[in-house]
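Subject: Structure handover and findings

Hello,

Here is the structure you will be working with. My notes on it follow below.

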Amino acid sequence: MTAPGVVSGPVLGIETSCDETAAALLDPQGRVLAQALWSQVAEHARYGGVVPELAARAHLARLPGMVEAVLAEGGAAPAIVAATTGPGLIGGLIIGANFGKGLALARRLPFYAVNHLEAHALSARLPGVAEPRPEFPYLTLLVSGGHCLLVETRGPGAHRVLGRTLDDAPGEAFDKVAKMLELAWPGGPALEQLASEGDPGAVPLPRAMRGRAGCDFSFSGLKTAVATWLAARGERLSRSERANLAASFQAAVAEQLADRARAALRMVPACNTLVVSGGVAANATVRAALASVATEEGRRMVAPPPALCTDNAVMVAWAALERARAGDPGQDLFVSPRPRWDLACPSLRSPAPHVGRG
Ligand code: KG4
Ligand code: ZN
């Protein structure tokens, strides 16, 4: 057993909340001993998006062998087991969380039910990501396929949500616009590649919420503006016109994110670091725009390398390690997988009863 605050051995992390099946073993300092990640992109590509039932079956088929391989390669038995327990697709969450719980029970180890959003928010503190390591409190911008949040990260289990999207997440907008441009799913990386050939000033597109009080976001108007522009053109675009549209869209997203991040930075003068994480943080134009804003506001920007921005199990193990070090004993066997789990929920260990959808 691990005493609160003292982590006596490696941490096994499991991630199955969407379409990445992943396992990782970290040593008590957070260094990666072994990791495996399998992206299900090929399984879902022909449907143009993640099919939850297929994702769950694929997690079930792959996860046990993956965990076995990571434990063998890591060469050390875990002292803690952690699995993403929400938010995400319920089928995958049930598989990852129950597999982790079973392993923890069998080996008499503490189990940590990890909030996926907290894992993204804490990933910037992983060893090797940034020197010096970002200290609490810092401002986190979480931009992914399902989420868009500005959060004051005060420590494990302590997050204050300052702003969020009123409609789409930016990754969702990337994926939808990529579809309009007939790019392969998932659209973010393909759109970024196409945009590299284009002129970001070629197509005038709106910047929603710019200068508006608070730091909420909106992306559905931008997506609609792209669709309207395409419909007005009415003809098949040349490669360079498609590249111009992709570059203009990407520039609009980057500018919107930068504007809202600036507003949030002004709300939290005590935070000297802007942490950017989630799949969209893999985008170089987005990173550059946010880095400029951070510099202009006298702060530092930290974004984990792209492989740690997209979903992975290293960040899940790390989130549990941070909680264990902070004295959280991780007695989470009775925490049920949850499709929705707000980062602002006061207790990450005991989520409030689920209300609303599903
Ligand atoms: O964090 P993530 O792997 O999964 C979620 O929790 O959603 O984020 C996936 C999202 C997708 O919408 C994908 O298109 C987007 O991140 N994404 C990108 C890039 N790489 C991934 N968007 C823009 N540019 C990229 N390079
Ligand atoms: Zn994610």
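A definition before the metal site: donors are N, O and S atoms within 2.8 Å of the metal (3.2 Å for Na, K and Ca), and water is not among the atoms, so sites may look incomplete. This is a predicted model, in which local features need pLDDT of at least 70, side-chain atom pairs count only at pLDDT 80 or more, and totals for chains, interfaces and linings use all residues. Residues are numbered from 1 along each chain as its sequence is written, chains are lettered from A and ligands numbered from 1 in the order in which they are written, and side-chain values use heavy atoms, with hydrogens and water left out.

Zinc site

His-116 (NE2), His-120 (NE2) and Asp-311 (OD) coordinate the zinc ion (ligand 2), at 2.1 to 2.2 Å. Along the chain, the donors follow the spacing H-x3-H-x190-D. His-120 sits in helix H4 (residues 116–122), and Asp-311 in the loop between helix H10 (306–309) and helix H11 (314–325), so the pair ties together parts that are 191 residues apart in sequence. Helices (H or I, at least four residues) and strands (E, at least two) are DSSP runs, numbered from the N terminus.

What is the arrangement of the four donor atoms around the zinc ion? It is irregular, because the angles run from 90 to 152°. The cut-offs: four donors are tetrahedral if all angles lie between 85 and 135 degrees; four are square planar and six octahedral if opposite donors are over 155 degrees apart and all others between 65 and 115; anything else is irregular.

His-120 and Asp-311 are both buried. Buried means under 20% relative accessible area, exposed over 50%, and partly exposed in between (1.4 Å probe, protein chains only).

Helix packing

Axes here are lines fitted to C-alpha atoms, for helices over the stretch in contact, and angles run from 0 to 180 degrees between N-to-C directions. Helix H6 (residues 187–195) and helix H8 (residues 239–267) have axes that come within 7 Å and cross at roughly 115°. H6 and H8 are therefore roughly perpendicular. The classes are roughly parallel under 35 degrees, roughly antiparallel over 145, roughly perpendicular from 65 to 115, and oblique for the rest.

Contact means heavy atoms within 4.5 Å. On the H6 side, Leu-191, Glu-192, Leu-194 and Ala-195 meet H8 residues including Arg-239, Ala-243 and Phe-249.

Helix H5 (residues 170–180) also packs on H8, at about 170° and with the axes 11 Å apart. That makes H5 roughly antiparallel to H8. Pro-170, Ala-173, Phe-174 and Val-177 in H5 meet Phe-249, Gln-250 and Val-253 in H8.

Asp-259 is also in H8. Asp-259 is buried, at 17% relative accessibility. Beyond its neighbours within four places in sequence, Asp-259 contacts Met-209, Arg-210 and Gly-211.

Backbone points to check

Most residues other than glycine have a negative phi, and most peptide bonds are trans. A cis peptide bond joins Glu-131 and Pro-132, with omega about -10°. Pro-132 is in the loop between H4 and strand S6 (138–143). Trp-185 to Pro-186 is also cis, with omega near -5°.

The loop between H5 and H6 holds Pro-186. Glu-182 is found in the loop between H5 and H6 too. Phi of Glu-182 is positive, near 60°. Glu-182 counts as exposed, at 55% relative accessibility.

Arg-108 has a positive phi of about 55°. Arg-108 is in the loop between helix H3 (90–107) and strand S5 (111–115). Its relative accessible area is 70%, so Arg-108 is exposed.

Best wishes
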